[in-house]
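Dear colleague,

I am handing over the structure below, and my notes on its salt bridges and on one of its helices follow after it. Please read them alongside the coordinates.

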Amino acid sequence: MTGQAVSTTVNELQAISHTGKVILVGSGPGDPDLLTVKALRLLQQAEVVVHDRLVSDEIIALIHPQAERFFVGKKAGHHCVPQSGINQLLVDLALQGKQVIRLKGGDPFIFGRGGEELEALLPFNIPFEVVPGITAASGCAAYAGIPLTHRNYTQGVQFITGHLKDDANQLNWPLLGKATHTLVFYMGLTQSGGIAHNLIKHGMSADMPVAIVERGTSQLQRTLQGSLKDLSDLAAQAESPSLIIIGLVTQLAAKLDWFSATLATAE
């Protein structure tokens, strides 16, 4: 953290003369050109920004240079600041009368805990807004040339978290194993073996095409392709952040991967 916040309780509300505001802002999957116009405007006018690890350096560079910044990034197995601490930080800063930009990767309401953070503001009557961002599934798939729906292959798509607290039984594997639509797993690298095992166990073909999009929309983007039975081996070659896409549409990347061609031309 570069700033300092003072913990505030509900009982201290009467001592606060002015309450600020919290604005949840989705930064998209990484490419700064994918920011919404509103998100860019807010960052350039920001007073305080609380940001995650998955917000790209290019987007961080767009923040007003005099803005106070708090880094609260998380990665698998290590939380720089626990979620309860992030919630309290937002409350403290807003009760100091500041307009707080809560900057998140992707979209704040899709596996971003945005709802939890807004709920933490309610007891303090702190006003808030939400600025949606392009979620990783649509952004990374588009840049990898993988249409998540295609009438010749699938008429639906499902977003699923691969970051399971205890065990894989939290998901409805019998239903997922029989899925005919595209499955997109967020934060699924470490659980890739279990994902493949459970899907195959419950009826999905071991030869179902899959793709892992690593560091999607960035200059380091890479797509690994194979079959469901090889998912664990593919995941071992990938680094976070990566997105797992399972379904027949992943085969189209061989023809529609426009972004890799753009990168090759730039080199």
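Both R102 and D52 are buried, and in this predicted model the two form a salt bridge whose closest N and O atoms are 3.0 Å apart. Since R102 lies in strand 6 (residues 99-104) and D52 in the loop between strand 2 (48-51) and helix 2 (57-60), the pair ties together parts that are 50 residues apart in sequence.

A second pair, E117 and K104, has its closest N and O atoms 3.1 Å apart, and it links helix 4 (residues 114-121), which holds E117, to strand 6, which holds K104, across 13 residues. E117 has a relative accessible area of 0% and is therefore buried, while K104, at 2% relative accessibility, also counts as buried.

In a further salt bridge, E239 meets R215 at 2.6 Å, N to O; E239 sits in the loop between helix 8 and strand 12, and R215 in the loop between strand 10 (209-214) and strand 11 (222-227), 24 residues apart. Here E239 counts as partly exposed at 45% relative accessibility, and R215 likewise counts as partly exposed at 27%. Salt bridges with shared partners join D52, R102, K104 and E117 into one network, and the structure holds 10 salt bridges.

Turning to helix 7 (residues 192-201), its buried residues are S192, I195, A196, N198 and L199, and the elements that cover them include helix 6 (173-177), strand 9 (182-186), helix 8 (231-236) and strand 12 (242-246). Helix 7 is followed by G203, which has a positive phi near 115°.

Methods. Residues are numbered from 1 along each chain as its sequence is written. This is a predicted model: local features need pLDDT of at least 70, side-chain atom pairs count only at pLDDT 80 or more; totals for chains, interfaces and linings use all residues. Side-chain values use heavy atoms; hydrogens and water are left out. Buried means under 20% relative accessible area, exposed over 50%, partly exposed in between (1.4 Å probe, protein chains only). Helices (H or I, at least four residues) and strands (E, at least two) are DSSP runs, numbered from the N terminus. Contact means heavy atoms within 4.5 Å. A salt bridge is a side-chain nitrogen of Lys or Arg within 4 Å of a carboxyl oxygen of Asp or Glu.
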